[in-house]
Amino acid sequence: MTTIDSGANTYAGFDDLTISLDAGVLTVTLNRPESLNSLTAPMLSTFADTLERAAGDPQVRVVRIGGAGRGFSSGAGISEEDHSNPGAAGTPADVLDAANRCIRAIVNLPQPAVAVVHGAAAGVGASLALACDIVLASEKAFFMLAFTKIGLMPDGGASALIAAAVGRIRAMRMALLAERISAADAYGWGLVSAVHPVEEFDAAVDQVIATLVAGPAVALRKTKDAVNAATLTELESALELEKQGQLALLASNDFREGTRAFQQRRTANFTDS
């Protein structure tokens, strides 16, 4: 376990989720690079705990969320490693509940949340990034709602978050076709705040973070509240609809076939109707 002491406050992470607080910036890093930071219930629960605590911490002025290795996050874990140890990864319902807690915590966080996306942001990993207030992407980043490829539907509030950013038609395209959306297209659609060349990305992120840290905390909070109130009116109902639908789909023949096909690197043969 990794523990960071910030004066009177202590933030604790573990190997799969590292946490640090320095000069007003709370950095949360998804740290399973061998699986492109696939998400487990313990990771998401600790993530939500951290943000819920940070919401009342005056030492935290900005939250920075990123991933280790080559990507931001590939979404909920469906790898052989995850399936071989479901007790450690958590049940699907556990993962859904923990992911929804994270989305609510990011949106309700009084401080600005910045997503730093330098590679893949897929599945609920895309939801985590797009729940943030500012989404910074490197030119190598991409976004993908890959759920229908394994017989599932978007979750983590993606139905509301993406539609609020890019409109119904593009949100439907992402959700139904499970296409990979490049950083350039994501910026053109209004899905991300900015895209930077790889060699300039870290410096650009640092500049945005520094601007927010030095900014007027109360004004930033009230601005965030107002914009979210105007644009995310359907988030709560989307989270509930997604959870009910996803739990039904997780028990379906199509999901079992989709998962097998993914693991066997073949095209799925969906038969449910």
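## Cores and helix packing in a predicted model

At 10% relative accessibility, Pro154 counts as buried. The model is a predicted one. Pro154 sits in the loop that runs between strand 9 and helix 6. Beyond its neighbours up to four places away in sequence, Pro154 touches Leu145, Phe147, Ala175, Glu242 and Gln246. Gly90 is 64 residues away from Pro154 along the chain, and their C-alpha atoms are separated by 19 Å.

**The nonpolar cores**

The largest nonpolar core has 68 residues. Within this core, the residues that touch the most other members are Leu26, Phe47, Val117, Leu128, Phe143, Ile162 and Leu191. Helix 4, residues 92-108, gives the most to this core: 9 residues.

Neighbours within four places in sequence aside, Leu191 is in contact with Leu130, Val135, Phe143, Ile162, Ala165, Val166, Met174 and Ala186. Two of these partners, Ile162 and Val166, are listed with the buried residues of helix 6. Met174 belongs to the buried residues of helix 7.

**Helix 6 and its cover**

Helix 6 buries Ala158, Ala160, Leu161, Ile162 and Val166. The elements that cover these buried residues include helix 4, helix 5 (124-130), helix 7, helix 8 and helix 11. Just after helix 6 comes Gly167, with a positive phi of about 90°.

Helix 7 spans residues 168-177, and its buried residues are Ala171, Met174 and Ala175. Why do they lie on the same side of helix 7? They cover an arc of only 90° around the axis, which puts them on the same side. An α-helix has 3.6 residues a turn, so residues three or four places apart point the same way. Cover for the buried residues of helix 7 includes strand 9 (142-144), helix 6 (158-166), strand 10 (180-182) and helix 8 (183-189).

What does the face turned away from the buried side carry? The exposed residues there are Ile169, Leu176 and Leu177. Ala178 follows helix 7, and its phi is positive, near 55°.

**Helix pairs**

Two packed helices are described by the angle between their axes and the distance between the axes.

| Pair | Angle between axes | Axis distance |
|---|---|---|
| Helix 1 and helix 4 | about 25° | 8 Å apart |
| Helix 6 and helix 11 | roughly 135° | within 7 Å |
| Helix 4 and helix 11 | about 165° | 11 Å apart |

Helix 1 covers residues 41-54 and packs on helix 4 at an angle of about 25°. That makes helix 1 roughly parallel to helix 4. Their crossing is left-handed. On the helix 1 side the contact is made by Ala41, Leu44, Ser45, Phe47, Ala48, Asp49, Leu51 and Glu52. On the helix 4 side it is made by Asp94, Val95, Ala98, Ala99, Arg101, Cys102, Ala105 and Ile106.

Helix 4 also packs with helix 11, at about 165°. The two helices are therefore roughly antiparallel to each other. Here the crossing is right-handed. From helix 4 come Pro92, Ala93, Leu96, Asp97, Asn100, Ile103, Arg104 and Val107. These meet Leu235, Glu236, Leu239, Lys243, Gln246, Leu247 and Leu250 in helix 11.

Helix 11, residues 235-250, has helix 6 as a partner too, and their axes cross at roughly 135°. Helix 6 and helix 11 are therefore oblique to each other. Ala158, Ser159, Ala160 and Leu161 of helix 6 make the contact with Leu235, Ala238 and Glu242 of helix 11. Leu235 also takes part in the meeting of helix 11 with helix 4. Glu242 is also touched by Pro154.

**Positive phi outside glycine**

Ala23 is not a glycine, yet its phi is positive, about 55°. Ala23 lies in the loop between strand 3 (17-22) and strand 4 (25-30). Is Ala23 buried or exposed? With 63% relative accessibility, Ala23 counts as exposed.

Arg265 is not a glycine either, and has a positive phi of about 55°. Arg265 is placed in the segment after helix 12 (253-264). Its relative accessible area is 79%, and Arg265 is exposed.

Key
Residues numbered from 1 in each chain as written. Predicted model: local features only at pLDDT ≥ 70, side-chain atom pairs only at ≥ 80, totals over all residues. Heavy atoms only, no water. Core = buried A, V, L, I, M, F, W, Y, C linked by side-chain atoms within 4.5 Å. Buried < 20%, exposed > 50% of the residue type's maximum accessible area, 1.4 Å probe, protein only. Helix = DSSP H or I, 4+ residues; strand = E, 2+ residues; numbered from the N terminus. Contact = heavy atoms within 4.5 Å. Arc of directions from axis to C-beta. Axes fitted to C-alpha atoms, helices over the stretch in contact; angles between N-to-C directions. Parallel < 35°, antiparallel > 145°, perpendicular 65-115°, else oblique. Left-handed = near helix turned anticlockwise from the far one by under 90°.
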